[in-house]
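Have a look at the picture first, then read on.

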Amino acid sequence: MRIGIGYDVHKLVEGRKLIVGGVEIPYEKGLLGHSDADVLIHAINDSILGAMALGDIGKHFPDTDMEYKDISSMILMDRVYKIMVDNGYEIGNIDSIIVAQRPKFAPYIDAMRENIANALHTSIENVSVKATTTEELGFEGRKEGISSKCVCILNKLK
């Protein structure tokens, strides 16, 4: 068994779609980044790579490489899944949280969990996604950005 932790943050800006957990969420701003800036998927991918001591998504999918410009983070998750399996692991469980004052994420969490479970070829019961505010404190509370944290357990394939 291996344990990994992931963290990501992106700035909210006008003129971008808001995509979190592979779900497009109606909102007046989106997240700024080289890819689609899916803060949740980035944190999960980093936790998986970290559990295997293989670095982070910046190492595997650098923002200096135009191949990854505006790429869906779900495609990157597919690639992280392949790396995980090639290294002999499977998902034990994922526990993640989205931190944002707005928008409200509760209506989209089930779809996010399904997207993540499907991409990682695991049961939806192994994927937890939660959302919280910061009671208007910090950059998330000021609606300047969104962050996400994730912990995962990987089990060795038999």
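Helices here are DSSP runs of H or I at least four residues long, numbered from the N terminus. Keep in mind that this is a predicted model. The protein chain contains five helices and seven strands, and in sequence order they read β-β-β-β-α-α-α-β-α-β-α-β.

**Overall build**
- Along the principal axes, the C-alpha atoms of the protein chain fill a box of roughly 45 × 35 × 25 Å.
- Of the 158 residues in the protein chain, 47% are buried.
- Take the contacts between residues at least 6 apart in sequence: 70% of them link residues at least 24 apart.

**Surface and charge**
- The protein chain has an accessible surface of about 7800 Å², and carbon and sulfur atoms account for 52% of that.
- There are 18 positive and 23 negative side chains, with the centres of the two sets 2 Å apart.

**Zooming in on helix α4**
- Helix α4 covers residues 109-119, and its buried residues are I109, M112, I116, A117 and A119.
- Looking down the axis of α4, those buried residues fall within an arc of 165°, so they line one face of the helix.
- D110 and N118 sit on the other side of α4 and are exposed.
- The cover over the buried residues of α4 includes strands β2, β3, β5 and β6, plus helices α1 and α3.
- After α4 comes H121, which has a positive phi, near 50°.

Note on methods
Residues are numbered from 1 along each chain as its sequence is written. This is a predicted model: local features need pLDDT of at least 70, side-chain atom pairs count only at pLDDT 80 or more; totals for chains, interfaces and linings use all residues. Side-chain values use heavy atoms; hydrogens and water are left out. Helices (H or I, at least four residues) and strands (E, at least two) are DSSP runs, numbered from the N terminus. Buried means under 20% relative accessible area, exposed over 50%, partly exposed in between (1.4 Å probe, protein chains only). Contact means heavy atoms within 4.5 Å. Accessible areas come from the Shrake-Rupley method with a 1.4 Å probe; for residues, only the protein chains shown count as cover. Lys and Arg count as positive and Asp and Glu as negative; His and the chain ends are not counted. The place of a charge is taken as NZ of Lys, CZ of Arg, CG of Asp or CD of Glu. The arc is that of the directions from the helix axis to the C-beta atoms.
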